[in-house]
Number of protein chains: 2
Amino acid sequence: MVILGGGFAGLAAARALKGAPCRVTLVDRQNHHCFQPLLYQAATAALTANDVAWPIREILGRQADLDILMDEVEGLDPEARQVRLSGGTLNYDRLIVATGASHDYFGHDEWAAHAPGLKTINDAIHIRSRLLRAFERAEASRDEAERAALTTFVVVGGGPTGVEMAGAISDLARGALSRDFRHVAPEKARVILAEAAPRILSGFPEPLSRYAARALERRGVEVRLDAAVKSVKAGEIQIGEDTLRVGAVVWAAGVRASPAADWLGIEGDKAGRIAVGPDLALPGRPEIFIIGDLASACDARGQRPPGLAPAAKQMGDHVGARLKAEFSGRPKPSSFVYRHQGDLATIGRRAAIVRRGGWSITGYPAWAFWSLAHIYFLVGARNRLAVAATWAWNYLTFTRRARLIT
Amino acid sequence: MVILGGGFAGLAAARALKGAPCRVTLVDRQNHHCFQPLLYQAATAALTANDVAWPIREILGRQADLDILMDEVEGLDPEARQVRLSGGTLNYDRLIVATGASHDYFGHDEWAAHAPGLKTINDAIHIRSRLLRAFERAEASRDEAERAALTTFVVVGGGPTGVEMAGAISDLARGALSRDFRHVAPEKARVILAEAAPRILSGFPEPLSRYAARALERRGVEVRLDAAVKSVKAGEIQIGEDTLRVGAVVWAAGVRASPAADWLGIEGDKAGRIAVGPDLALPGRPEIFIIGDLASACDARGQRPPGLAPAAKQMGDHVGARLKAEFSGRPKPSSFVYRHQGDLATIGRRAAIVRRGGWSITGYPAWAFWSLAHIYFLVGARNRLAVAATWAWNYLTFTRRARLIT
């Protein structure tokens, strides 16, 4: 059987299949799994690429019945039960598609070159270079207006990623960079968070959205609501009627599923996701499972799992366990039920929001909870220690050693 | 005054000028200083980019009278005493040129695309990706001959860098990668070190060259002597009369100085280096100093400092101290005398050679000495600890966490 994608969903499925009497091949176009919840920290030089990405072969390497292939999917043939890869074809008896999602520019793909999104390690390295290079260019400039433009940063989209990025850019400018320059005062950098809706973090209750907006403003981020982006060009963005010259734009607005619906010759939803029921199998194709961000799933209780790492993991666990039972001749587990573990969003140094069941916390306790939760979920003991040490160091010294432009 | 280049020579000059009554501007096209002696470890996934490169602003950031510019030199006008940068011009009263050296393909620049050299962090990341990708492609291949070709690696040039790279690739294949694959046995990878001369490490006495060749062979490296490269193409190299299909080629043969001689409108030596006397000033231009790998220097005792980090540092120290004395109205120090601290070359895990004055050591003691010396010379206390911890971890567990393809 074949798993496409080594994100949270694909990895969980592969792990759950450990010891099953079948040969499993996991395909990913990268050789590493990326811990997306911390990617914004790599994009703002707080962590390095190696802190938030690990070789898939290291994570799953001890699973002897598992093949790992670094290759790119070019298409699927559900009739012949084949996956077409750049390097050849793979036959499957069962297929798990977990190829995730990327950014959506709402029909303006020409904006992508000037407003990179944040989904992969290369995205993070690219955004880090853009942010740091903008400060370098400002330092070299002798024109006051140009300096102000180059130290203006816009984050588009007020979801958790946008909030994290805006907070982290502000922390970077006010903290680690504040003593780096002679002609630029990074702590005067303008960071603008532009959200088209009337409030940020619309997935959270309104008081938490208000808290987050205030916390961002306290650290110098301008939060603009009802502010839709009209155009993005090199060094320029139009938000509503306002045209701004900028040093860098980060895109954290739309999500678009990978083109698996096209590969399967079916119709996706408007974000390209594929609808599946509580068994997570493709309707009419019981041998194909769709999990993670690619799935528009509806579980046995009618809940729709969100596009978050824990939901992807749970779907992977479920399908992996189900197939293992099937291959082993044991009874299949019952249908998928999503267990929501809570919502987390971090705003920056010592500010976050946590909502879980009936309660919520904000501020320093939420930030401490967020840090512990993320260290806990990181893969591998050594990495936990390394990230914890890096964070402790950064926190105590306000430095960010990862600020290389490569 | 202006310093061009943030390598060992330029940084040492900037540091030596600390507190001098003059404004110093240091220009580098990168925002980071690269610790070149450990670059081969980043190229073979033993250390990360962040372990061997640090922001120049972090290293020199506390020096308040120093400007740092990330910009590229386009030319010099010695008459007008101006440096032309991509972003504008800089005037100087004194100029220190420390722009270093790069690879030389002996007139075959078309080989560069297929045989990358190792001078910058981006080079290291590029070589790391090539090596790891070759193993990935071999794993995906179903053709035995293709697999063998993809796991054949050639290092061109038997100087210290070539010896280090060949040993490190072999260690990578036999250690960290040995359990990663199902269809490829990385420990059977062929690593070939091709040297055009009759022996490797020609800067060392012959017994040490012989020891190094034997130590390489013990770890599975084929050492080919009198083996000149005739051509390099994608996936193929011709050494002498022998044409080999290969997974990757690393170039560690020639050195070519940066084009400073052209900027100055003078004639360099055959490697493009600029001849200077014991004051390290350009003949006829007492306000311009040439230091580091760019200089073909002859010190007050007639010694020619080698193209090594300690020599570059000493030249930077000397010119910085001299100018500081001059600006402060104190007597100038006497002419430059190079103090040779010894020669070091490492072959891999637990094998190295050290030569210092009349004595030399090899094997494990030399390797331990090499490790301690490098940790000692690394910039910054935290980095020393981080590198030491990474090494200790890698040594004890045989893992290489940095093996990301980006």
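Guide: Helices (H or I, at least four residues) and strands (E, at least two) are DSSP runs, numbered from the N terminus. This is a predicted model, in which local features need pLDDT of at least 70 and side-chain atom pairs count only at pLDDT 80 or more, while totals for chains, interfaces and linings use all residues. Residues are numbered from 1 along each chain as its sequence is written, chains are lettered from A and ligands numbered from 1 in the order in which they are written, and side-chain values use heavy atoms, with hydrogens and water left out.

Visitor: How many helices and strands are there in chain A?
Guide: Counting the DSSP runs just described, chain A has 12 helices and 25 strands.

Visitor: What radius of gyration does chain A have, and what would a compact globule have?
Guide: The radius of gyration is taken over C-alpha atoms, and the globule rule is 2.2 Å times the number of residues to the power 0.38. For 406 residues this rule gives a value near 22 Å, and chain A agrees, because its own radius of gyration is 22 Å.

Visitor: Is A:H32 buried or exposed?
Guide: A:H32 lies in strand β3 (residues 32-34) of chain A. Buried means under 20% relative accessible area, exposed over 50%, and partly exposed in between (1.4 Å probe, protein chains only). Because its relative accessibility is 6%, A:H32 counts as buried.

Visitor: What share of the residues in chain A is buried?
Guide: With the cut-off for buried residues already stated, the share among the 406 residues of chain A is 57%.

Visitor: How far apart are the end C-alpha atoms of helix α5 of chain B?
Guide: The expected span of a helix is 1.5 Å times one less than its number of residues. Helix α5 (residues 121-140) of chain B is mostly covered, with 14 of its 20 residues buried. Its 20 residues should span 28 Å, which agrees with the distance between its end C-alpha atoms, 29 Å.
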